[in-house]
Amino acid sequence: MKRTKENIVYQVETEEIAKFAKALGHPTRIKILNHLDNASCCYTGDLLEVLPLAQSTISQHLKELKDAGLIQGTVNPPKIKYCINQENWIKAKALFNEFFSRNMNKRSCD
């Protein structure tokens, strides 16, 4: 197979699903999303009571989820209130549903 140094161009949907999948790729982030879904919103301090992790670690996970667009934060000095970004959550669900539906009909590699 010939290798190339050219950049690969992906469809926008492919890049979006990869971004969402990366953000969902850690159990702590899944737990944060479940907590936000049940509580509708929370502050970083609230998560310290739910997760046995350092504040800096929780903040890093929140940053990953925020960078992916799955959550949003509202600054209420000195705190930040986080909630699920409903628009992007719906988009992520649709992309994953389409991805799994499209690839579910493929034959196995027996």
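**A buried strand residue and its surroundings**

Author: I71 is buried, because its relative accessible area is 2% and buried means under 20%, with exposed over 50% and partly exposed in between (1.4 Å probe, protein chains only). The model is a predicted one, in which local features need pLDDT of at least 70 and side-chain atom pairs count only at pLDDT 80 or more, while totals for chains, interfaces and linings use all residues. Residues are numbered from 1 along each chain as its sequence is written, and side-chain values use heavy atoms, with hydrogens and water left out.

I71 belongs to strand β2, residues 71–76. Helices (H or I, at least four residues) and strands (E, at least two) are DSSP runs, numbered from the N terminus. Leaving out residues up to four places away in sequence, I71 touches L33, L36, L62, L65, K66, Y82, C83, I84 and N85; contact means heavy atoms within 4.5 Å. The C-alpha atom of I71 is 8.3 Å from that of N88, a residue 17 positions away along the chain.

I71 is also part of the largest nonpolar core, which has 20 residues; I32, L36, L62, L65, L70 and I71 touch the most other members. Such a core is a set of buried Ala, Val, Leu, Ile, Met, Phe, Trp, Tyr and Cys residues joined through side-chain atoms within 4.5 Å. At least two residues of this core come from each of α1 (12–23), α2 (27–39), α4 (55–67), β3 (79–84) and α5 (86–104). L70, with neighbours within four places in sequence set aside, is in contact with F20, A23, L24, L33, L65, I84, N85, N88, W89 and A92.

Strand β3 also holds K81. K81 is partly exposed, because its relative accessibility is 29%. Its contacts, not counting residues up to four places away in sequence, are C41, C42, Y43, Q72, G73, T74 and N76.

Two backbone details follow. Most residues other than glycine have a negative phi, and most peptide bonds are trans. The peptide bond from P77 to P78 is cis, with omega near 5 degrees, and P78 sits in the loop between β2 and β3. S40, a residue other than glycine, has a positive phi near 70 degrees. S40 lies in the loop between α2 and β1 (42–43) and counts as exposed, because its relative accessible area is 51%.

Now the whole chain. The protein has five helices and three strands, in the order α-α-β-α-α-β-β-α along the sequence. Its radius of gyration is 17 Å, whereas a compact globule of 110 residues would be near 13 Å; the radius is taken over C-alpha atoms, and the globule rule is 2.2 Å times the number of residues to the power 0.38. The C-alpha atoms fill a box of roughly 55 × 35 × 25 Å along the principal axes. Of the 110 residues, 26% are buried. Among contacts with a separation of 6 or more, 53% are between residues 24 or more positions apart.
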